[in-house]
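Here is a friendly walk through the structure shown below. Have a look at it before reading on.

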Amino acid sequence: MHGPDATRRELLRGSVAATAAVLVSTVDPAVALGSTAAAGGGRSAAAAGGGSAGAGGSPAGDLGVLVSLLRVEQVVVFAYERALASGLLSASAQAALGTFLDHERAHVHALSRALTRLGGTVPVAPTLTAAFESELHRLHVKRSPTGLDNERQELRFLIDLERVIARHYRSAIARLGTDKLLTTAAEIMANEAQHATALAELLSPGNVKRAVPTGFVAGVGGG
Amino acid sequence: MVGPASRRAFLRLSGASLAGGSGALLTACGGGSGAKRKLVAGSEPAAVRRADISIMNGVLDLEHTAIAAYTAGIPLLTGRARAAATRFLRQELSHASKLHDTIKGAGGKPHLAKASYDLGSPDSETDVLDMLRALEKSLLSAYLAAIPELMPGWLRAVAAGILANEAQHISVLRSVQGQRPVPSAFVTASE
């Protein structure tokens, strides 16, 4: 007997196999992507609508995970705002960080909307440095933002923070139960990883080893 | 001068060479020392289902294709693009190795690389970079589709870690081509 989950998995297997077949026959981007495009245009899966429970999860169990992710995103927003206001950044770094701050705010927006849909309450964002530093401590961010006095230090702090954030998303993805939340979390985690890469490129231009240090973002082991 | 036909033959040959060699490379990269393998295995519950094996074999097929493409394309690249592609090839090999070991560890039969891949006829650095980006996009799409379907827990986490790495590859490839490295707040198959 095939339930909805089994049927969806069969479809997925077919989709992945079809993608592989297309790629083997041609690498024309238009053809290769024609049957596989997910939510596009920078719009998150969660923003696209509600969600069904994924393999083994429940929407109710996602509330706590969402609150945790939102608190993390609020810390990142504070960190970028703080760096942008520091007066220590070059024009190119200022432009990049401005874009990344917009991304982080989009993440907060998408997660807040998803949380509200589930009946949860959006946590209060830190507005004072003391609260920000307390949250950093809670997240086990080793590098302190106190006393940063040049662009390189600011970038190093943000790279560390982005990597910690990616670990939180990785852990959340292991626990979330709703399909669309899972997809959104994965889309955001990948974006945070790209931020870390782009920040590392600003810090050490052309050094791909620093920009993409490992094949497994946030580790290869379990959980 | 290498014409399109001979270049295509070259790419096929490179893919075949890679396919033949990747088994050895995968074995060499596959989890490192015995102690490391034991540690990783110890942190991963054995709750891998038949459906998970099938999904992982689907993305493994794409990883094999990406490995063939990077292997064939690297000789046509120069400078920063070549350095990046060389690093990314190593990382794709580590993804394939992880998937291979996971499938095998769960009692499944990992798909092997094909003897050859028809990768088209790129005849410039731009063509090669476009080809690599197209493959990376397909990997993004496949991992994004796979994550909600995999068993909750470490298997999803591993897939998410690989997805994020593929997103970093695209970011660097975009940068090499003079484009904004991070164009959107949400990484989708459209980059």
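## The two chains at a glance

Chain B comes to 6 helices and 0 strands; helices (H or I, at least four residues) and strands (E, at least two) are DSSP runs, numbered from the N terminus. Read from the N terminus on, its elements go α-α-α-α-α-α. Of the 191 residues in chain B, 57% are buried. Here, buried is for a residue with 20 or more other C-beta atoms within 10 Å of its own, exposed is for 12 or fewer, and partly exposed is in between, with C-beta atoms placed from the backbone. Take the contacts in chain B between residues at least 6 apart in sequence: 78% of them join residues at least 24 apart. A contact needs two C-beta atoms, placed from the backbone, to lie within 7 Å.

Chain A has 8 helices and 0 strands, running α-α-α-α-α-α-α-α from the N terminus on. Buried residues make up 44% of its 223 residues. For contacts in chain A with a separation of 6 or more, 72% are between residues 24 or more positions apart.

A word on the ground rules: this is a predicted model, where local features need pLDDT of at least 70, side-chain atom pairs count only at pLDDT 80 or more, and totals for chains, interfaces and linings use all residues. Residues are numbered from 1 along each chain as its sequence is written, while chains are lettered from A and ligands numbered from 1 in the order in which they are written.

## Helix 4 of chain A

Helix 4 of chain A covers residues 91–117, so to speak a run of 27 residues. From its first C-alpha to its last it reaches 39 Å, close to the 39 Å expected at 1.5 Å a residue; the expected span is 1.5 Å times one less than the number of residues. Its buried residues include Ala93(A), Leu97(A), Phe100(A), Glu104(A), His107(A) and Leu111(A). What covers the buried residues? Helix 3 (62–84), helix 6 (151–175) and helix 7 (179–203) of chain A are among the elements that do. Just after helix 4 of chain A, Gly119(A) takes a positive phi of about 90 degrees.

## Helices side by side in chain A

Two packed helices are described by the angle between their axes and the distance between the axes. The axes of helix 4 and helix 7 of chain A come within 11 Å and cross at roughly 165 degrees. Axes are lines fitted to C-alpha atoms, for helices over the stretch in contact, and angles run from 0 to 180 degrees between N-to-C directions. That crossing makes helix 4 of chain A roughly antiparallel to helix 7 of chain A (under 35 degrees is roughly parallel, over 145 roughly antiparallel, 65 to 115 roughly perpendicular and the rest oblique). By class, their contact has 9 nonpolar, 6 polar and no charged residues. Ala, Val, Leu, Ile, Met, Phe, Trp, Tyr, Cys and Pro count as nonpolar, Asp, Glu, Lys and Arg as charged, and the others, Gly among them, as polar.

Helix 3 and helix 6 of chain A pack at an angle of about 170 degrees, with their axes 11 Å apart. They are therefore roughly antiparallel to each other. The residues of this contact divide into 10 nonpolar, 2 polar and 2 charged.

## A loop in chain A

Between helix 5 (129–138) and helix 6 of chain A there is a loop that holds Asn150(A). Asn150(A) counts as exposed, with 11 C-beta neighbours inside 10 Å. His140(A) lies in the loop between helix 5 and helix 6 too, and is exposed with 9 other C-beta atoms within 10 Å. His140(A) has a positive phi of about 65 degrees although it is not a glycine. Most residues other than glycine have a negative phi.

## Over in chain B

Helix 4 of chain B and helix 6 (residues 154–176) of chain B have axes that come within 11 Å and cross at roughly 165 degrees. That makes the two roughly antiparallel. Phe88(B) and His95(B) of helix 4 are among the residues making the contact, as are Ile162(B) and His169(B) of helix 6.

Arg82(B) has its place in helix 4 (residues 79–105) of chain B. Is Arg82(B) buried or partly exposed? Arg82(B) is partly exposed, with 17 other C-beta atoms within 10 Å. Leaving aside neighbours within four places in sequence, Arg82(B) is in contact with Ile74(B) and Leu77(B).
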